[in-house]
Amino acid sequence: MKRLEVRGLQIGFQTDQGWIPAVRDLSFDLGVGEILGIAGESGSGKSALALALMGLLPSNTQVRGKVLFQGGDLLQNNAESWRKIRGSKMAMIFQDPMSSLHPYLRIGDQIIEPLLIHGLANPKQAREQALACLAEMGISDPKTMLQQYPHECSGGMRQRAVIAMAVLAKPDLLIADEPTTALDVTTQREVLIWMQKWIRASGASLVFISHDVGVLSEMADQLMVMYLGQGVERGSLVEVLKRPHHPYTDGLLRSLPAMQDRNAKHFYSLAGHVPPGGSIPSGCSFHPRCPAVQDLCRTTEQMLEINQERWTACMRAKEGSWKSS
Amino acid sequence: MDCMYARKGGKLEKLLSVENLTVKFGKFQAVQEVNFELHSGEIVGLVGESGSGKSTLGRAVLGLTPFQSGSVKFLGQSLGKLSRKVFLKLRPAMQMVFQNPMGSLDPHQSVGSAIMEVLRVVKHATDEEAFSRMKCGLEEVGLDSGLAHRYPHELSGGQRQRVAIARALAVEPRLLIADEPTSALDGSAQAHILDLLRGLVRNRRIGLLLITHDLSVVKLVADRAGVMHRGRIIETGSVEKIWSAPSHAYTQRLLAAVPQWRR
């Protein structure tokens, strides 16, 4: 069963230098109850994708394609239909809780707001649900926390408040963009474990965006890797990590400190860097940095689909392996 | 001009010796009775979570934050006891690299001119010397010297961090303190910077104090490590020892929280 179907999504930003493509012809599915991890370096378009799914892109943006969710195309939504589903059917968790919490309002009032706005509970019920949710997340004194202002709480507490705000209305789709990147590892672990438990119990689907493959490897069922606005590889987490089909995925994994050889003369890293905004190389857009590049790669791009849930944008993946070259 | 700075084979020299260092902010003890040593050609990692005092410790060593008791000895001289004049003379030999190079580079100054400025002011270099040493400096950190006329915003995050490192190196420091130098960078750029820092320590025989919350970074490049918790160094040892047999309960908890995965 599918929860979300993204088809041919294109996102472009209007700037002084003209149109800059942020997401290019991206298609993927998200199943019911599934956690899809999206990995990529900065500039890969993963955050633009998250904002597009939530209808939060600024007005200087052009979005094309289809995003099918619960029988409708989200990209056709007007402001009124977005208001109806945001916060109730779908919710988002950002990296920095200070930017999603209002500094002048008490934490409690902010957490229960989605429930009240969508008429899902009366204030008393909403407070009780908020208390229960915070307690479940390991907040030792949730009652006091509801009365506090964001600056009175630690980063870990604030991020839990933001997560509570997102999940209390029991959305079907949760989008989390680097939700634990600003947290300490011990706090991060607690938050991740709780989020995963919540997804499993509620049957909701989660799009989990992170540059940290270690975190994704603990959270996700499926993994999609993005480069320059395209999905370059998608598959089950284990498949992608164990047998990456795309040289970019392979390079990204091998560059991680945890994967490096301490005794190597030089640490492994991908050659070159992500080209600056707007300049997309011809053919396969990864070819200037690719260790296995061939002439055809410079002019042609090709999607290789093994099945609907396992595909790669490397045409050489089907020759057996580009790694042997 | 010769771009080589190699100081290979020099004998291991004690650069830094911190004894019973305590830093207080009002009544709050950010750093409590910390002891450690750092030698030339050595990378010491300082790991801890936010609020553990690791950044304050780094700043106190450099004299950027005053300390209340204890001592910091650099090349045998106790920093707290030096006259301002002597301290300022010694100070260029200790350099710092911060997490966010945008915060340490002037947006209105080309990166080449930022490096030449310290060469002129600290090393009293002539314009010509400063120019050629700046170019060498950029090449040493793996940047094309043609980038010298660029401004910080025209560079990638990894390139900016290289510029910050090149500027720190321009005054030929003996000790480098790097506070989360790769935390703002992605996988591949992170590996580049770590490789660069490790190479500098080997070739120039400088000592590196690497402060980070990222345990995998310390495990990869450090020779020894200290684990900080609530202002104290609760465990020290070789990286191999800490990772294979952590003795403190907090270290065990910290290591267990790191996402584990194998290919």
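Colleague: How many helices and strands are in chain A?
Modeller: Chain A has eleven helices and twelve strands. Those are DSSP runs, helices being H or I of at least four residues and strands E of at least two, numbered from the N terminus. The radius of gyration is 21 Å, close to the 20 Å from the globule rule for 325 residues, so chain A is as compact as a globular protein of that length. That radius is taken over C-alpha atoms, and the rule is 2.2 Å times the number of residues to the power 0.38.

Colleague: Where do these numbers come from?
Modeller: This is a predicted model, where local features need pLDDT of at least 70 and side-chain atom pairs pLDDT 80 or more, while totals for chains, interfaces and linings use all residues. Residues are numbered from 1 along each chain, chains are lettered from A and ligands numbered from 1 as written, and side-chain values use heavy atoms, without hydrogens and water.

Colleague: What share of chain A is buried?
Modeller: Buried residues are 52% of the 325. Buried means under 20% relative accessible area, with a 1.4 Å probe and protein chains only.

Colleague: Switching to chain B. What is the span of H6?
Modeller: H6(B), residues 157-170, reaches 20 Å from first C-alpha to last, close to the 20 Å expected. The expected span is 1.5 Å times one less than its number of residues.

Colleague: Is H6(B) mostly covered or mostly open?
Modeller: Mostly covered: twelve of its 14 residues are buried. Among them are B:Arg160, B:Arg162 and B:Ile165.

Colleague: What covers those residues?
Modeller: The cover includes helix H4 (111-123), helix H5 (127-140) and strand S7 (175-179) of chain B, counting contacts as heavy atoms within 4.5 Å.

Colleague: And what comes just after H6(B)?
Modeller: B:Glu172, with a positive phi of about 50 degrees.

Note on methods: Buried < 20%, exposed > 50% of the residue type's maximum accessible area, 1.4 Å probe, protein only.
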